[in-house]
Amino acid sequence: MTSHITTVARKEFDDAGRSKLLWGLIGLLVGLVVVGYVAIWYTVDDVTAAEVLSFLGTPLQVILPVAALIAGYMAVVGERRSGSIKLLLGLPPNRTDIVFGKLLGRTAVVGLAVGLAFLVSLVLGAVFFGSVPFLDWLGFAAVSLLFGTTFVGLAVGVSAGVATRGKSMAIVVGLYMVLIALWELLTAGPYYLIYDGSVPVEPETWYLLLEQFNPIFAYTNLASAIVEGSIFPFQFQYGLQSIEAYGMTPAERYPGDAPFYLQDWFGVVVLLCWLVVPVAIGYYRFQRTDL
C-alpha cells in the first residue's frame, strides 16, 4: 500500500501558510528576537553571544505553544466540519495518511518559525556580540523544535479525536491554561494541604516528578542545560512554594544524586510523551469514528 503522508503534508503546509494569525505570531516571534538582541546590545556591556542566547528561551516558550496550537487544533476537525473529509477519503489518502500528514505539515510550519528565529539570532549574535557557540545554538534549536512539535502533536491529536471545532478549541486552550496558569495550584496546592505548609526547596520526590512532567518546565530545564545561564519557565506563581525554588530544576532540588527521571535529559522523554500520547489517542478515535 502506497503512503500519501507526504502528499497530505505538502497540502497542509500550504493551507497553514495562508493563516494570517499564524504568520502574525511568527512575525511577532522574529520581531521579539530582533528587538531583544538590539536592546541587549545597546544597554548591556561586556556580554557574550553565548550569554545572550538564553534570552531566546523567553519568547520561544511563550509564542511557540500558542502558534503550534493554532496551527494544529483545526487540522482534522476542520475537514470534518466542512465535509471535505469525505471527499479527501474518496481520494487515495486514508485516515492514517490524513492524521500523520497533517501532523507533519503543521510541524513544518512551526519548524519554519523556529528556524527563522534561530537564524536571526545567529546573524545578530555574530554581528553584535562576536562568535556564536554553534553547538549550543544548534542544540538549543533542536530542543526548541521538539518543544514546538510537542504542542503541534497535542493539537493535532485533539483535533483528530473530537467531532466539533468548539470541543477542539476548548480542550487545547484548557490544557494550555493548566500548564501555564494552574500547574502550581494543581501540584503545590495538594502538597500544601498534605504537609500543612508551602513547598520547600527540597520537597518530596513525587512533587519533583510532577514538576518534571510539565512540558514547559521540561523545555526550560533542557534549554538551561545547553546554554549559559538559566531560562525561567513562563508560569503563573501563587507563592505556594519557596521563592528560592523558582528557576531551580528538579535535579537541583533533589538532595543527593537525583534519580534518572529527575535529570534534565529526561525532559526529552517528557516532551515525547506529550507528543505521542495525544496523537495516539486522537488517531485511535479517528480510526473508529463513523464519518
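Reader: Is the crossing of α7 and α13 left-handed or right-handed?
Author: This is a predicted model: local features need pLDDT of at least 70, side-chain atom pairs count only at pLDDT 80 or more, and totals for chains, interfaces and linings use all residues. Residues are numbered from 1 along each chain as its sequence is written, and side-chain values use heavy atoms, with hydrogens and water left out. A crossing is left-handed if the near helix is turned anticlockwise from the far one by less than a right angle, and right-handed if clockwise. Elements are DSSP runs numbered from the N terminus (helices H or I, at least four residues; strands E, at least two), and the crossing of α7 and α13 is right-handed.

Reader: At what angle do the axes of α7 and α13 cross?
Author: Axes are lines fitted to C-alpha atoms, for helices over the stretch in contact, and angles run from 0 to 180 degrees between N-to-C directions. Angles under 35 degrees count as roughly parallel, over 145 as roughly antiparallel, 65 to 115 as roughly perpendicular and the rest as oblique. α7 and α13 are therefore roughly antiparallel to each other. Their axes come within 10 Å and cross at roughly 150 degrees.

Reader: How far apart are the axes of α4 and α7?
Author: α4 passes α7 in a right-handed crossing. The two are roughly antiparallel, therefore, to each other. They pack at about 155 degrees, and their axes lie apart by 9 Å.

Reader: Which residues of α7 does α4 meet?
Author: α4 brings Leu60, Leu64, Ala68 and Ala71. Facing them in α7 are Arg106, Val110, Val114 and Phe118.

Reader: Which residues of α13 make the contact with α11?
Author: α11 and α13 pack at about 145 degrees, with axes 9 Å apart. Their crossing is left-handed. α11 contributes Pro215, Ala218 and Leu222, and α13 contributes Gly267, Val268, Val270, Leu271 and Trp274.

Reader: Which helix gives the most to the lining of the largest pocket?
Author: On a 1 Å grid over the protein atoms alone, a cavity is a set of points where a 1.4 Å probe fits but cannot get out, and a pocket is an open set with protein on both sides within 12 Å along at least five of seven lines; lining residues have an atom within 4 Å of a point. The largest pocket has 24 lining residues, with Asn221, Pro233, Gly247, Met248 and Thr249 nearest its centre. α10 (205-212), α11 (215-226) and α12 (250-253) each supply at least two. With five residues, the top contributor is α11.

Reader: How much space lies in the largest pocket?
Author: Grid points are joined across faces, edges and corners, and a volume is the space filled by probe spheres set on the points. The lining of the largest pocket has 10 nonpolar, 10 polar and four charged residues. The space in the largest pocket is about 310 Å³.

Reader: How much space lies in the second largest pocket?
Author: Its lining has eight nonpolar, one polar and five charged residues. α1 gives the largest share of that lining, three residues. The space in the second largest pocket is about 220 Å³.

Definitions and conventions: Nonpolar A, V, L, I, M, F, W, Y, C, P; charged D, E, K, R; others polar. Contact = heavy atoms within 4.5 Å.
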